[in-house]
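Welcome! Have a look at the structure first, then take the tasks one at a time.

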Amino acid sequence: MKYFLLPTHLAFLYSFALSKPVQIATRNNDLGSEIAVYEGDILLKRGRRSAINCESCLWPKSQDGLVKVPVNISSDFSITERSWIVDALQEISTLTCVQFVNRTTETDYVYVEHGQSCWSYFGKIGGRQAVGLVKNGCMDKGAIQHEMNHALGFIHEQARSDRDRFVKIMWEHIVAGEQGNFGKMNSRNLGLPYDYSSVMHYGAYDFSSTPGKPTIVPVPDPSIPIGQREGLSNLDVAKINKLYKCNCCSSVLPKSKGSFSSVNYPSPYPNNSNCLWLIRIRRSKVFLQFEAFDLQPSPDCSSDYIKIYNGNSRNSPVLLDKYCGKDSLPSLVASGSTMLVEFASDENITATGFRASYNRVNCGATFRDSNGVITSPNYPNKYPKNRACFWIISSPVGYKISLKMLSFELEYSDRCTYDYLLIHDGSQPTSPAVGPYCGTEKVADFTSTGNFVLVEFHSDIVWELPGFVMSYTFGR
């Protein structure tokens, strides 16, 4: 089985993984006096520092502008674990010009091994360069990216030269003997802001000697979260692209809701552009809708287009294939917490572009099969409280969508204001709708006028009932 991998940025660290410096030091002794252990998880050749200050530490760029880092993943990892590693690296490769590729015969490469702790060499060292991941400690996306970012030459965020302007190190709360994990480096910082949300940032309680006593406190606002493990931050991406001189237009959108648009919108977008937006909503699903859409039309949308993926990379399943023109773009629901939006233009005439917004929903999906079934959450068991669900059904152009309710029981209220179901003739929450339906009333069969239907379900914080099940089919 081949795994194709992609670029990294900054990462974050697991306190319990980093709290095993003895294991790392043991490996250090095995490697000889030319290797030093720095900040718990970095194996550093003597005299080497951050790639930010060391051009020779960088992985080389090919003539095509890509930085190709060959990778071999140990067979000690299960297929599932290997897929987690690949997914974490693909996110980096999608958003930057650093491309993790399968190692074939390359002399210089990264070998991801099952370690007794989580660690990495610092920057490119030549030859077989190991990265250690603990199976039960470093398999989250952010932790994997953290160690691979070290291999690209990135330091811990709180080790930046200017860190004292942004965080306060609580030396009195650090476990005895672990103060060395909180040093500073003489880094140039690429001229980019301090990043509390970097995957390379320690957590507030890492190496704490006393439960509830933080070792790092953000200033001036101590409530700022630090040490996330969800994946690359927007500044993580920016730092990789700047350090490796990548010509990339890519952004991470980590908030629970927000908006974005093509470059220069509402003025015409530039020629020969390719931009990516990675939407990441923690523990929810992504609901995306377009308020405006105007792209240069072309046969099969081969010139300018929007393409949307159901995941965090171009290797993820496609939610919406190339789309262009001035037609209304359908809303979409991801099957998980990430959605990737790609926009491309060629060298010809441009248009005004697009404006889109996203939000989180508790449940839902986008359906494209010619028939299927939609059920309330947990059906046939009772649906949970406080849910907002959006299911979008998309048929080929020229086909209509028919719905038939097979079972229906929701909480009853006079105007269906508590728990209710709406069926929209279109993909937008503003599309014409029938309903709301609640209680056990008869839900009439429904046929769309176009090729999109949005089924919307809401429950409040009181009653839980069996819910509903409906079927759908496509027809002329």
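Before starting, one definition: a residue is buried under 20% relative accessible area, exposed over 50% and partly exposed in between (1.4 Å probe, protein chains only). This is a predicted model, in which local features need pLDDT of at least 70 and side-chain atom pairs count only at pLDDT 80 or more, while totals for chains, interfaces and linings use all residues. Residues are numbered from 1 along each chain as its sequence is written, and side-chain values use heavy atoms, with hydrogens and water left out.

**Exercise 1. The overall picture**

Task: Find how many helices and strands the protein has, and what share of its residues is buried.

Solution. 
- Step 1: Take the secondary structure, where helices (H or I, at least four residues) and strands (E, at least two) are DSSP runs, numbered from the N terminus. The protein has five helices and 27 strands.
- Step 2: Turn to burial. Of the 476 residues, 57% count as buried.
- Step 3: Look at contacts, meaning heavy atoms within 4.5 Å. Among contacts between residues at least 6 apart in sequence, 78% join residues at least 24 apart.

**Exercise 2. Confidence in the model**

Task: Work out what pLDDT the protein averages, and where pLDDT stays under 50.

Solution. 
- Step 1: Recall that pLDDT is the predictor's confidence in each residue, from 0 to 100. The average here is 87, and 88% of the residues score at least 70.
- Step 2: Go to residues 1-33, where pLDDT stays under 50. For this stretch the model has 143 contacts beyond four places in sequence.

**Exercise 3. An annotated residue**

Task: Locate E147 in the secondary structure and decide whether this residue is buried or exposed.

Solution. 
- Step 1: Start from the record. UniProt, in an unreviewed entry, places the feature "active site" at E147. UniProt positions are given in the numbering used here, feature names are shortened, and annotations may be inferred rather than shown by experiment.
- Step 2: Find the element: E147 is in helix α4 (residues 141-152).
- Step 3: Apply the burial cut-off. E147 has 1% relative accessibility, so this residue counts as buried.

**Exercise 4. A strand and its partners**

Task: Explain why strand β14 (residues 305-309) is described as largely enclosed, and name the strands that β14 pairs with.

Solution. 
- Step 1: Count the buried residues. Five of the five in β14 are buried, so the strand is largely enclosed by the rest of the structure.
- Step 2: Check both faces. Y305, K307 and Y309 lie on one side, I306 and I308 on the other, and all are buried.
- Step 3: Find the neighbours, given that two strands pair if DSSP finds at least two bridges between them. β14 pairs with strand β17 (residues 338-344) in the antiparallel sense over five bridges. β14 also runs antiparallel to strand β15 (residues 318-323), joined by three bridges.
- Step 4: Follow one residue across. I306 stands opposite F343 in β17 and opposite Y323 in β15.

**Exercise 5. Charged pairs**

Task: Find how many salt bridges there are, and describe the pair K141 and E91.

Solution. 
- Step 1: Apply the rule, which asks for a side-chain nitrogen of Lys or Arg within 4 Å of a carboxyl oxygen of Asp or Glu. The count comes to 15 salt bridges.
- Step 2: Examine the pair. K141 and E91 form a salt bridge, with their closest N and O atoms 3.0 Å apart. K141 lies in helix α4 and E91 in helix α3 (residues 79-95), so the pair ties together parts that are 50 residues apart in sequence.
- Step 3: K141 counts as buried at 17% relative accessibility, and E91 is buried at 0%.

**Exercise 6. Around E291**

Task: Find which side chains meet that of E291 in a salt bridge and in a polar contact.

Solution. 
- Step 1: Take the salt bridge. R355 pairs with E291, the closest N and O atoms being 3.9 Å apart. R355 is in strand β18 (residues 353-361) and E291 in strand β13 (residues 285-294), 64 residues apart.
- Step 2: Compare with the cut-offs. R355 is partly exposed at 34% relative accessibility, and E291 is partly exposed at 40%.
- Step 3: Turn to S357, also in strand β18. The side chain of S357 makes a polar contact with that of E291 (2.5 Å). A polar contact is a pair of N or O atoms within 3.5 Å; within protein, one must be able to donate a hydrogen and the other to accept it, and residues adjacent in sequence count only if both atoms are side-chain atoms.
- Step 4: Finish with the burial of S357, which is buried with a relative accessible area of 16%.
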